[in-house]
Amino acid sequence: MKRTIIITGGAGFIGSHVVRLFVNKYPEYNIINLDKLTYAGNLENLKDIEDKPNYSFVRMDICDFQSIFELMKEKNVDGIIHLAAESHVDRSIKDPFTFAQTNVMGTLSLLQAAKIYWESLPEKYDGKLFYHISTDEVYGALNMTHPEGIKPPFTTTASSQTHHLAYGEKFFTEDLKYQPHSPYSASKASSDHFVRAFHDTYGMPTIVTNCSNNYGPYQFPEKLIPLFINNIRNRKPLPVYGKGENVRDWLYVEDHARAIDTIFHKGTVADTYNIGGFNEWKNIDIIKVVINTVDRLLGRKEGEDMDLITYVTDRAGHDLRYAIDSTKLQRELGWEPSLQFEEGIEKTVQWYLDHQEWMDRVTSGDYAKYYDEMYKNR
Ligand code: NAD
Ligand code: TDX
């Protein structure tokens, strides 16, 4: 079946993996990467597919309702996979307005453009989908009832999954109420509500998914894992917030992209799916794994860079523990993570060490020139 799909935020970390997967796997689809190219957008992330006939890039702000509407009409768009967002919690603490503008107003502008265009068609919403990518942070924070972590088996419905450890009995399930704490998660929660409201009020076919922390290639080095890999390589301090006791649930980014593909094609309209790796780690433990891996792959003595660990003032409102229960997705649609964490982190560290040029261009700001170079003659 032919389809024309806008993927927003396709020049960012997760978006670039989703665009690559869809462009390569579905040559019959027309994939439009719509991205404003903020500091987080980098077209170099898509160098390998940018000349494919079923791929195009449009530089556009999701808040620009009129332009989005015109684009949808011109290209006869029947699907939207929406990833564009301001995504870094620390930035949201300093500048909440930008997060409300992009994440809330931008999502609303996309929804409204899709509504007006799709409702103008004879077939209306038939065959259409607005798929919104969100985060587990909307659920707030879980308690840490087992500070040392318990090994599986423990009480969860996700029995066929390999867990690392669990730091409590409770997990984020789809029926939990939203309790966001940071301006970032509050803005994502609000956008999720708008998406569901467009289904409930206008009948728009929508799906929302909430995923845990992603890691892998092409992540902007303001986030924990790429920042620390780069600092270890350059022997710079590693700023660990608070005591490093906070727990996150890590998923390899290509597994998230596969989940998005599965849900886009097989998910139930108006439903919500949680996506996660059953892979909880305390920050300090993951940091030690990253140090050992970088040291080993650089031919240094394993662990020799442990003294770079520098405890700094905690993040304001720092959520203690995130842990996703993705049983529903596994049970209903058959998705599960493909990579064990040890394998994923090894691949990730190796990728950043092999792509020092990418890292240097990002940290120097030169990557922003790529758009002008690539698109000046088109
Ligand atoms: P990212 O910051 O790497 O990329 C965001 C992209 O959105 C960039 O390419 C940026 O240029 C673009 N963008 C920002 N504002 C825009 C605007 N106004 N108009 C058009 N484009 C704009 O983000 P990411 O980590 O890839 O996250 C992608 C999505 O997944 C976000 O919605 C985020 O909330 C969600 N998410 C991320 C994670 C994670 O661990 N990174 C986990 C769960 C959910
Ligand atoms: O320098 C650091 N030191 C540190 O201790 C940084 C950047 C982070 N941290 C801690 C804070 C978190 O507990 O590491 C953990 C991970 O931090 P981030 O990489 O900033 O991710 P997080 O805040 O957990 O949010 C991420 O996952 C959910 C993404 O940035 C979000 O977009 C996503 O929704």
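Q: Which residues are closest to ligand 2, and how many surround it?
A: Ligand 2 is surrounded by 20 residues, where a residue counts as near if one of its heavy atoms lies within 4 Å of the molecule; the closest are Glu-137, Tyr-184, Pro-239, Arg-315 and His-318.

Q: Before going on, where do the numbers come from?
A: This is a predicted model, in which local features need pLDDT of at least 70, side-chain atom pairs count only at pLDDT 80 or more, and totals for chains, interfaces and linings use all residues. Residues are numbered from 1 along each chain as its sequence is written, chains are lettered from A and ligands numbered from 1 in the order in which they are written, and side-chain values use heavy atoms, with hydrogens and water left out.

Q: What polar side-chain atom lies 2.6 Å from an oxygen atom of ligand 2?
A: That atom belongs to Arg-315, and the pair is a polar contact, meaning here a pair of N or O atoms within 3.5 Å. The side chain of Thr-135 also has an N or O atom 2.7 Å from an oxygen atom of ligand 2, while for Tyr-241 a polar backbone atom is 2.9 Å from a ligand oxygen.

Q: How much of ligand 2 does the protein bury?
A: The protein buries 94% of the 640 Å² that ligand 2 exposes when taken alone, with areas from the Shrake-Rupley method and a 1.4 Å probe.

Q: And which elements give two or more residues to that shell?
A: Those are helix H6 (224–233) and strand E8 (238–241); helices (H or I, at least four residues) and strands (E, at least two) are DSSP runs, numbered from the N terminus.

Q: Switching to ligand 1, what surrounds it?
A: Ligand 1 has 28 residues around it, the closest being Ile-14, Asp-35, Ser-87, Tyr-184 and Lys-188. Strand E5 gives the most to this shell, with 3 residues.

Q: Which backbone atoms come up there?
A: A polar backbone atom of Asn-214 is 2.9 Å from an oxygen atom of ligand 1, and a backbone N or O atom of Phe-13 lies 3.0 Å from a ligand 1 oxygen. Of the 830 Å² that ligand 1 exposes when taken alone, the protein buries 97%.

Q: Last topic: at roughly what angle do H4 and H5 cross?
A: The axes of H4 (residues 96–119) and H5, lines fitted to C-alpha atoms over the stretch in contact, with angles running from 0 to 180 degrees between N-to-C directions, come within 8 Å and cross at roughly 15°. That makes H4 roughly parallel to H5, a label for angles under 35 degrees.

Terms used
A polar contact is a pair of N or O atoms within 3.5 Å; within protein, one must be able to donate a hydrogen and the other to accept it, and residues adjacent in sequence count only if both atoms are side-chain atoms. Angles under 35 degrees count as roughly parallel, over 145 as roughly antiparallel, 65 to 115 as roughly perpendicular and the rest as oblique.
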